[in-house]
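This report concerns pockets, a surface patch and salt bridges. Please examine the sequence and the structure shown below before reading on.

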Amino acid sequence: SEPGSSSMPGIEIANRGQIRFIKKGARKVNVTLTISYEVPDALAPFANALTPLVEGIIGKDMERFREYALKYEEKMAERNRARAAKEA
């Protein structure tokens with residue numbers, strides 16, 4: 001886990017996160033992301049309303065990561081097929 005902070009104009013948000021990759025098979029990986037953050041006093045009244053927004057942003061980021069990983073996997077497979085064809 002690495003502590004960090006994210007800045008919004010005039011507001012510091014202390015946060016900490018961890019990401020785990022657990023191999024589940026030859027082509028499967030389980031990814032778990034854990035994030036915690038301290039809600040600044042100025043935003044405390046809105047914390048419950050902001051949670052779904054933050055979760056939505058993180059969910060979209062995770063989906064983009066999944067798409068990137070799948071494209072990368074296909075690119076590497078294509079590169080390996082091309083290499084094997086040259087060697088044959």
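Is Arg66 buried, partly exposed or exposed? The model under discussion is predicted. In this model Arg66 has a relative accessible area of 47% and is therefore partly exposed.

**Pockets**

Arg66 also belongs to the lining of the largest pocket, where Arg27, Val29, Arg66, Ala69 and Leu70 lie nearest the centre. This pocket holds about 440 Å³ of space and is lined by 16 residues. Its lining divides into nine nonpolar, one polar and six charged residues. At least two lining residues come from each of β2 (11–25), β3 (28–37) and α1 (47–87), and α1 gives the largest share, with eight residues.

The second largest pocket contains about 340 Å³ of space. Its lining consists of 16 residues, and nearest its centre are Ile13, Tyr37, Leu50, Val54 and Ile57. Here the classes are 12 nonpolar, two polar and two charged residues. Again β2, β3 and α1 each supply at least two residues, while the largest share, eight residues, comes from α1.

**Nonpolar surface patch**

β3 gives the most to the patch, with four residues, and β2 and α1 each supply at least two. Tyr68 is found in helix α1. Because its relative accessible area is 54%, Tyr68 counts as exposed.

**Salt bridges**

Side chains of opposite charge can pair when their charged atoms come close. The count of salt bridges in the model is four; the table presents some of them.

| Asp61 | Arg64 | 2.2 Å |

Asp61 and Arg64 both lie in helix α1, three residues apart, which is about one turn of the helix. Glu63 and Arg66 are likewise in helix α1, with a spacing of three residues, about one turn.

How accessible are the partners of these bridges? Asp61 is partly exposed at 36% relative accessibility, and Arg64 is partly exposed at 48%. In the remaining tabulated pair, Glu74 has a relative accessible area of 42% and is partly exposed, and Arg81 is partly exposed at 48%.

Technical notes. Residues numbered from 1 in each chain as written. Predicted model: local features only at pLDDT ≥ 70, side-chain atom pairs only at ≥ 80, totals over all residues. Heavy atoms only, no water. 1 Å grid on protein atoms, 1.4 Å probe; cavity = no way out; pocket = protein on both sides within 12 Å on 5 of 7 lines; lining within 4 Å. Points joined across faces, edges and corners; volume = space filled by probe spheres on them. Nonpolar A, V, L, I, M, F, W, Y, C, P; charged D, E, K, R; others polar. Buried < 20%, exposed > 50% of the residue type's maximum accessible area, 1.4 Å probe, protein only. Salt bridge = Lys/Arg side-chain N within 4 Å of Asp/Glu carboxyl O.
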